[in-house]
Amino acid sequence: MNNKIRKKVGLALGSGGAKGYAHLGVLKVFEENNIPIDYISGASAGAIIGSLYSLYKDTKKVEEIITDFNKIRSLFDFSFNGGIIKGKKIVNFLENIFQGKKIQDLDIPLCIVATDYKTGEEVRIKKGDITLAVRASMAVPFVFELVDCGKKELADGGLCSPVPIEALREMGADVIIGVRMEDKVGEKQRKNIYSMAERSITILQHNLSNYELKKCDILIDPYFEDYGILGFHKIIQGKMREAIEEGEKATKEKIDEIKKLIGKEKEISGIYKL
């Protein structure tokens, strides 16, 4: 006798600086359409949104936190020791939210991805302090001070896994939905040393993410133009609603495909049904 069970859905939230606000738009559309999320992986900006949603399972609460733009702007504490931003204010902000909770305590299983700065290898964090893991995953070299974690010095997860697909396979997801936050070059973009260096990094991340995305079932790919790698100017200008709306738009374009894919139940022997 065969029984059917729902496929386990994994959502990979990619890196992307301020573009990561679009992850909230993705989650809002998932909620509106009752799309289940069994596992979440996140790198950098994706780690921030992923951890908040895994904690609250409520996009309204997450939106309330991340769209307090005056508060967000106040978190930039400048430093001259290994990064432009020290990150202590961000740590305090996150600690106030998570209240010492561990990753394994979250309602939705979560994997936060960081990069071992010395070896360049991917580090998958699935237990331990949420705040430390998130802070490590967003530690863009030169911009943020790196994070000491045991014997490792951790940097931004987007350096090794811009859209952490493999982490979800390891967690047990049957269906993997990847969300990529990538900047496109606008026609009016100026070509100077900074913009060309920034574009070169984007090209490297594009090819790296393409490799991983071959292993995902559905790609949600919001359109961004001239945000740059970090897009802090958008946060300073308080324009992140645009990114949230772009995330909603890109997800709505894929929602029928998502429903169709997860609607196909998998058959297993009745003796193994959970």
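Me: How many residues has the largest nonpolar core, and which have the most contacts inside it?
Reply: In this predicted model, the largest nonpolar core has 68 residues. F30 and I177 are those with the most contacts inside it.

Me: Which helix gives the largest share of this core?
Reply: Helix α1, residues 22-32, provides the largest share, with six residues.

Me: And what is F30 in contact with, leaving aside its neighbours within four places in sequence?
Reply: F30 is then in contact with L11, I35, I37, I177, I220, T251 and I258.

Me: A change of topic: where is D38 found, and is D38 buried or exposed?
Reply: D38 is found in the loop between α1 and β3 (39-43). It counts as buried because its relative accessibility is 14%, and the cut-off for buried is under 20%.

Me: What does its side chain make a polar contact with?
Reply: The side chain of D38 makes a polar contact with the side chain of R6, at 2.8 Å.

Me: Why is helix α6 largely enclosed by the rest of the structure?
Reply: Helix α6 (residues 130-137) is largely enclosed because seven of its eight residues are buried. Among them are I130, V134 and R135.

Me: Which residue caps its N-terminal end?
Reply: D129 caps the N-terminal end of α6, with a side-chain oxygen 3.3 Å from the backbone nitrogen of T131.

Definitions and conventions. Residues are numbered from 1 along each chain as its sequence is written. This is a predicted model: local features need pLDDT of at least 70, side-chain atom pairs count only at pLDDT 80 or more; totals for chains, interfaces and linings use all residues. Side-chain values use heavy atoms; hydrogens and water are left out. A nonpolar core is a set of buried Ala, Val, Leu, Ile, Met, Phe, Trp, Tyr and Cys residues joined through side-chain atoms within 4.5 Å. Buried means under 20% relative accessible area, exposed over 50%, partly exposed in between (1.4 Å probe, protein chains only). Helices (H or I, at least four residues) and strands (E, at least two) are DSSP runs, numbered from the N terminus. Contact means heavy atoms within 4.5 Å. A polar contact is a pair of N or O atoms within 3.5 Å; within protein, one must be able to donate a hydrogen and the other to accept it, and residues adjacent in sequence count only if both atoms are side-chain atoms.
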